[in-house]
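This report looks at where chains meet and where ligands sit. Have the sequence and the structure in view while reading.

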Amino acid sequence: MSAQTDTGRQATAAPTASAAPAIELRGISKAFGPVQANRDISISVAKGSIHGIIGENGAGKSTLMSILYGFYKADAGEILIDGRRVEITDSQAAIAAGIGMVFQHFKLVENFTVLENVILGAEEGGLLKPSLAKARRLLKQLSDEYELSVEPDALIEDLSVGHQQRVEILKALYRQADILILDEPTGVLTPAEADHLFRILEGLRDEGKTIILITHKLREIMEITDTVSVMRRGEMTATVKTAETSPEELAELMVGRKVLLRVDKKPARPGKPTLEIENLHVVDDQGVERVKGIDLSVRAGEILGIAGVAGNGQTELLEVLGGYMAGTGTIRVNGEEIDLTGAHSDGQSRRRRGISHVPEDRHDEGLILEFQAWENMVFGYHHAPEYQKNRLLMDNAGIREMTRRQMEKFDVRPPDPRLEAKSFSGGNQQKIVLAREIDRNPDLLLVGQPTRGVDIGAIEFIHQQIVQLRDEGKAILLVSVELDEILSLSDRIAVMFDGRIMGERLPAETSEGELGLLMAGITGGDDQ
Amino acid sequence: MDYLTVIQILDSSLRLATPLLLTCLAGLFSERAGIVDIGLEGKLLAAAFLSGAVAAVTGSIWLGLLAGVAGSLAFSMLHGLASITFNGDQLISGVALNFLAAGLTIVVGQSWFALGGRTPSLFGGGRFESWNLPFSDAMARVPVIGPAYDELISGHTALTYVALAAVPLSWWVLYRTRFGLRLRAVGENPGAVDTAGVSVVRLRYAALVIAGVLCGLAGTYLASLAAGFVKDMSAGRGYIALAALIFAKWRPWYALWATLLFGLLEAIGNRYQSIALGDIVIPVQFMQALPYILTVIILAGFVGKAIPPRAGGKPYVKER
Amino acid sequence: EPAIIFDLGGKFDKSFNESSFTGAERWKEETGGSYRDVELQSDAQREQALRRFAENGFNPIVMAGFSFASALETVAADFPDTKFTIIDGAVEAPNVRSVVFKEEEGSYLAGIAAAYAAEGNTVSFVGGMDIPLISKFACGYAEGFKSVKPEGRVIVNMTGTTPAAWNDPVKGGELTRAQKAAGSEVVFAAAGGTGLGVLQTAADEDMLAIGVDSNQNYLQPGHVLTSMVKRVDNAVYDAFTQGEELQTGLIVMGLENEGVALAMDEYNADLITEEMQAAINEATQKIVSGEIVVHDYMSDDSCPAF
Amino acid sequence: MTKMPKWADAVLIPLISILLAFFFSGLVIWAIGKDPFMAIRTMVQGAFGNTNGLGYTLYYTTNFIFTGLSVAVAYHAGLFNIGSEGQAMLGGLGVALVCLNVPWPHWTLALPGAMIGGALFGAAWAFIPAWLQAKRGSHIVITTIMFNFIASALVGYILLNHLKVPGAMATESARFGAGAHLPTFHEMLAPFGIGFNRNAPANISFVVAILAAIAFYVLIWRTRLGYEIRAYGQSETAAKYAGINPVRIVIIAMLISGALAGLMAINNVMGEAERLIDNAVEGAGFIGIAVALMGRNHPVGIVLAALLFGFLYQGGAELAFWESIPRELVVVIQALVILFTGALDNMVRIPLEKLFLALSRRRKDA
Ligand SMILES: Nc1ncnc2c1ncn2[C@@H]1O[C@H](COP(=O)(O)OP(=O)(O)OP(=O)(O)O)[C@@H](O)[C@H]1O
Ligand SMILES: Nc1ncnc2c1ncn2[C@@H]1O[C@H](COP(=O)(O)OP(=O)(O)OP(=O)(O)O)[C@@H](O)[C@H]1O
Ligand SMILES: [Mg+2]
Ligand SMILES: [Mg+2]
């Protein structure tokens, strides 16, 4: 193991049982070209335990797990399963060794049915029919057993993310995995879904299966894991028993400094309403009504958090406000109405109106992954006069200079404007988007899922930035599926369900439990 | 237009559609597996040349068929080497193969036969005979369905029936077998196939093998029909097949209809080269461009958006 | 040393390039001399090729194809000591011999042969690319046919509008089938490589075909009624033989000087009836004597017989 | 951190790839019984050895620069334009109409006029597929293939029935007037005392092509429109988020693409033939695809790739002249060059990257 362990703690997760550890990795190293993603990593995981892995973005967690699953080939090191050395040359070998993995970005064929995805690669014989029949039976059995119900004939693209994840788990169970690896499984789940997942994981553990869980959420680590390993910059810095540690200590192990786990903010001083929404309806491409009459207002100097299970119209709400989806109803910004048909208004004109927008999906919307950082830093604002050299040309050198400053201010690492966006880690990508949108000094900031997949060091920073903008008297509309985030950031909370607002609450006067009920469409009946 | 003319036009459509259909299905397998194939034209040409050459020398079209398939396969594997093994650009590779076939067939043909890239004419066993289905003579006398059976259904060469049979077979393979499931999956999301423990590389090569064989059949059909190879005799059919493939939205049955439609349009264009409508004479050029014009119109008016396999054209790269 | 430049179709186009090649080869065989040749790849190379050969002292330089006309105009002026022969085109210059053919006359005879061979009233024509030269063939053919069967019908089809039309035997075959379905019994193919498909299909469908440019009777014995040969080979042979002493000026090759003719040999002997032969002979005489003037499509870009 | 120095990526890899292509071409030449070294020498000598050859090389290069840029512009917008061939045909028609119908007094006026004509016709021909793609979602690959066929029928028809000189053999228009004659390199360089072969067809269009390549660079990497084109080409959803109008980008990019293809006509139609010939484009549109892809859609790459193809064309012609090597062999060589430099470049890159990585590790360790 590496010599430079910052904290000096080296608790090997001592397996309680006499049996050999379910997984033992010895001296795993992996380089992607010049990037040393994993360096001489050793770890062992006891049978029948849930083992957490945490670490900053880009620490090498996914790489390590992908090696275990045979997706990447390690440059050096060996893998032992149940004490026996195995050669994991590809995923086939991993599956044969009883390993299943749920990747952060699901590996599902979107236009296949659930059933087809489950049997893919594990079919019986050359014809599909018997395989499908058998899978249907087994799937039913499995879903009953683990409360993993999904419609076997549904197309993946029609399923919610939570259900897609279930399919991934079912895939692993169908292949009779004894070891299940989950890479950031809760990043896209609602608290209820996450709880449900954890119940399933506990059930699996109690059956003797071994589980490895990668997550950025310390709460989850504390709640469900038995042991936890911390990774930093490609190395394994510590492995500790969960019962013997605390979130603060883990955070410090990860980031190498003390981290504020609470958002530190003063009470809001709201002013005039900046955003007023009246009777907003949105119908999507398929003709489904996604937003069914919403009234909302956000005042200057306040953060309105919108809680809700993904897929209940929040995305569409943001997209209409951001100007790239049409809707009907009335929306006023600073008292002036904006055109919702899309005919005279698009993302550009919204930006000119002082609306900035951090989209939910940084890969597909917020960034052009093939563009360099500086090009992304003006994405959407490329018409702004200050970025033009003259009437014809853009001021590329100036933009690069501005980007360098922004990157330093927002602590984007590495602060190189010429790096392509795709070569930054998720957290740093998010910081680029935030830097761009916040820096415009907008009257209204729309934020969707600001910290999805982002490590705690970066989360702390991002939250600070949002609060600071509020304190400057700006209005902020925050959409997040993280109840934690909603509760700690918002000054006011509205809950969306099925395209409607189910109710508004003040963070101090509500609880996760109550919000959870509202998110499920169950109202107390006292408001609306 | 009388009934018999209609039958004859349809008959001609079928003959013209056969090479398109085989080529289109070749493209279908390849693109369903995520390998874009604009090298169909080249494979067609290579197969036509080799089958023509071998059939001319041996006097057996069956040996010609073997050679044609082998040639087309070789081109397919070269495409695989570039686009699967070395993650190269599939479009460039396809363009290169088209050039390569156009050049090599003539250079090699010239050095073998010294006929300027042509092969000697095929005759007798050097060509496929047309199959007269049972009772076609007797049936011919039955009114209405008789001529249809005799002219339209009966009397084509073996490869036409093979092409027609290839449609349900392709459908069955794609949608009813394990191989088909994996093939479709690898064109949509190779990562899913890879993590399911199936080799992406092997699947894609398998798809290219099928594509190679089908193009080989199509090329041999051309050589047999024209009784020999003439330079550039594929005459853009590979590109038309590609268009038909998009038209067909990458589905076997639609491919049949799409290629039959192209065949039909060409057959009609052949028959009615210039039409006088009162004082206005519609020029030949217009009639000859009509299939292409109609394709555009149909595409714009009825087909709408065709969504290709999602992983198409992109090499599967895990580590960069 | 003489040189010859073939047009874009290439020297094995089964048409006049190939015919010129045959003439050059014959000269080589008979005289033991040698010559240089080149096949063009692009239009821009016409002038280049002419100059390269002229600069390097080749003389005379023969080119096959009317497309050379404008390139030759400039080059001929630059190389007054070099003799040039252009086939199928006319260029006025003191050092240029232009050889043009009266394809319409040969085609007229082909039309007569077709009229006698057909039992019914319909015959047909498959052209390669839709260019005036090919219409010239078609027009003569139609006139000849109608001179025998005034009420008859001549179906005229062109394969295409691009050079690819010269090399699409499959389409040629389909056109032939379509013409047969429309009642045609004899098909005249003036379509380069595409014509091979026409001849083949005529044999497959039990029709008669007429070949073009060189003698194609042997290709499908019993099914090729005759071939309308255009003695491009003779033109090349003559030019090569005369060498640097080449007589310049315009030479028109018609029936009169056997520049065009119908090919008669053992392959089609059984297909030529006495009556047919007599009619052909008579027409030949009349054309030579000027009693019959076959319309030249290119003179006014139209054809009275269509 | 990079895996490899930039120069290796930009120079070494293409160089090795071209050498490989020539090696295999040599094998083919050797297989048909000719001397490969002689062949190479003939090609290089013929293409660059004198100003005549050079003039032809640059003439072809000019064509390929235009079509290469045409394909590349569309490619940056994520559109695969196979229709440059047809657009260049229509461009030829536009140039011919401008040159035939206006009695130009001097080329300085005729050239801009012809450029407008060519660009307009080319752009118009690209507009329909673009509109269909943007509005109806009709796949641009099919529609542009179809439009190539339609273009050749259309131009053929017009040429035959309206532009052809009555009674002439050739399907070609009348010669353009003297005022539409573009200065050749000979005429351009003579005032400076530089000798250039009088008969080589390279003309001022080459300069226009280079200017077009520079304008292309500025457009794509320096202007907002270029920024939007590239953004749309990379991610349609992100472009929508940013407020970039997809319909506008598709149509504008294709119009530019068509205009560039149409501009090619000032070289082949106006500069060289000085009249409209049937099928004047001769596949340059398809070569443009290879040129754009090999040039990595960057103007510098495109100019270099176009030069490579110009060399192959002219060098190949010399081969056919002097070595009686069949002209189709040149097509084989082209194919191998495209294959090795374009599609199989990873075959060279991967081992090279490993080598450089090992070297840099060694250096760090030392
Ligand atoms: N396929 C790949 N090719 C090249 N580099 C890669 C690849 N995958 C990961 N990397 C690099 O390896 C390093 C480790 O990445 P990894 O995905 O393992 O981090 P992680 O700990 O999972 O991060 P996160 O918390 O953001 O998921 C990073 O620097 C990353 O950029
Ligand atoms: N094939 C690849 N080539 C280069 N870099 C890669 C590749 N795959 C992943 N990476 C990089 O590896 C890092 C980790 O990848 P991962 O898939 O875990 O995404 P991430 O960083 O967690 O982002 P997010 O959380 O937003 O999905 C990222 O920086 C990503 O850009
Ligand atoms: Mg990760
Ligand atoms: Mg991540």
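## Chain B against chain D

Buried area is the accessible area, found with a 1.4 Å probe, that two parts lose on being put together, summed over both. The model shown here is predicted. By that definition, chain B and chain D bury about 3,700 Å² between them, and carbon and sulfur atoms account for 81% of this area. In chain B, the residues that lose the most area to chain D are Phe86(B), Ile92(B) and Phe99(B). Together these three make up 18% of what that side buries. In terms of contacts, 42 residues of chain B meet 43 residues of chain D.

How many salt bridges does the rule find across the interface of chain B and chain D? The number is 0. Polar contacts between chain B and chain D come to 3 residue pairs, counting pairs with both residues at pLDDT 80 or more. On the side of chain B that touches chain D, at least two residues come from each of helix 3 (61-85), helix 4 (90-113), helix 11 (237-247) and helix 13 (284-303) of chain B. Helix 4 of chain B gives the most, with 12 residues. Sorted by class, this side of chain B holds 30 nonpolar, 8 polar and 4 charged residues.

## Chain B against chain A

Chain B also touches chain A, with 24 residues of chain B in contact with 31 residues of chain A. The area buried between chain B and chain A is about 2,200 Å², and 56% of it comes from carbon and sulfur atoms. Which three residues supply more than any other three of the area that chain B buries against chain A? They are Arg178(B), Leu181(B) and Thr195(B), which supply 27% of that area.

Across the interface of chain B and chain A, the rule finds 4 salt bridges. Glu116(A) and Arg184(B) form a salt bridge in which the closest N and O atoms are 4.0 Å apart. Polar contacts between chain B and chain A number 9 residue pairs, again with both residues at pLDDT 80 or more. Three elements of chain B give two or more residues to the side that touches chain A: helix 7 (158-176), helix 8 (178-188) and helix 9 (190-195). The largest share, 6 residues, comes from helix 8 of chain B. The residues on this side of chain B divide into 9 nonpolar, 5 polar and 10 charged.

## The site of ligand 1

Ligand 1 is surrounded by 18 residues. The closest are Asn57(A), Gly58(A), Lys61(A), Ser62(A) and Thr63(A). Residues around ligand 1 come from chains A and B, so the site is shared between chains. Two elements of chain A, strand 2 (35-45) and helix 1 (61-68), each supply at least two residues of the shell around ligand 1. Helix 1 of chain A gives the most to this shell, with 3 residues. By class, the shell has 5 nonpolar, 7 polar and 6 charged residues.

Which parts of chain A approach oxygen atoms of ligand 1? A polar backbone atom of Ala59(A) lies 3.2 Å from an oxygen atom of the ligand. From the side chains, a polar atom of Glu184(A) lies 3.2 Å from an oxygen atom of ligand 1, and a polar atom of His216(A) lies 3.1 Å from an oxygen atom of ligand 1. Taken alone, ligand 1 exposes 630 Å², and the protein buries 75% of that.

## The site of ligand 2

Around ligand 2 there are 12 residues. Gln104(A), His105(A), Arg362(A), Lys422(A) and Phe424(A) are the closest. Why is the site of ligand 2 shared between chains? It is shared because the residues that surround ligand 2 come from chains A and B. The shell around ligand 2 divides into 1 nonpolar, 7 polar and 4 charged residues.

A polar side-chain atom of His105(A) is 2.9 Å from an oxygen atom of ligand 2. A backbone N or O atom of Phe424(A) is 2.8 Å from an oxygen atom of ligand 2, and a polar backbone atom of Gly426(A) is 3.0 Å from an oxygen atom of ligand 2. On its own, ligand 2 exposes 590 Å², of which the protein buries 66%.

Notes
Residues are numbered from 1 along each chain as its sequence is written. Chains are lettered from A and ligands numbered from 1 in the order in which they are written. This is a predicted model: local features need pLDDT of at least 70, side-chain atom pairs count only at pLDDT 80 or more; totals for chains, interfaces and linings use all residues. Side-chain values use heavy atoms; hydrogens and water are left out. A residue is near a molecule or strand if one of its heavy atoms lies within 4 Å of it. A polar contact is a pair of N or O atoms within 3.5 Å; within protein, one must be able to donate a hydrogen and the other to accept it, and residues adjacent in sequence count only if both atoms are side-chain atoms. Accessible areas come from the Shrake-Rupley method with a 1.4 Å probe; for residues, only the protein chains shown count as cover. Ala, Val, Leu, Ile, Met, Phe, Trp, Tyr, Cys and Pro count as nonpolar, Asp, Glu, Lys and Arg as charged, and the others, Gly among them, as polar. Contact means heavy atoms within 4.5 Å. A salt bridge is a side-chain nitrogen of Lys or Arg within 4 Å of a carboxyl oxygen of Asp or Glu. Helices (H or I, at least four residues) and strands (E, at least two) are DSSP runs, numbered from the N terminus.
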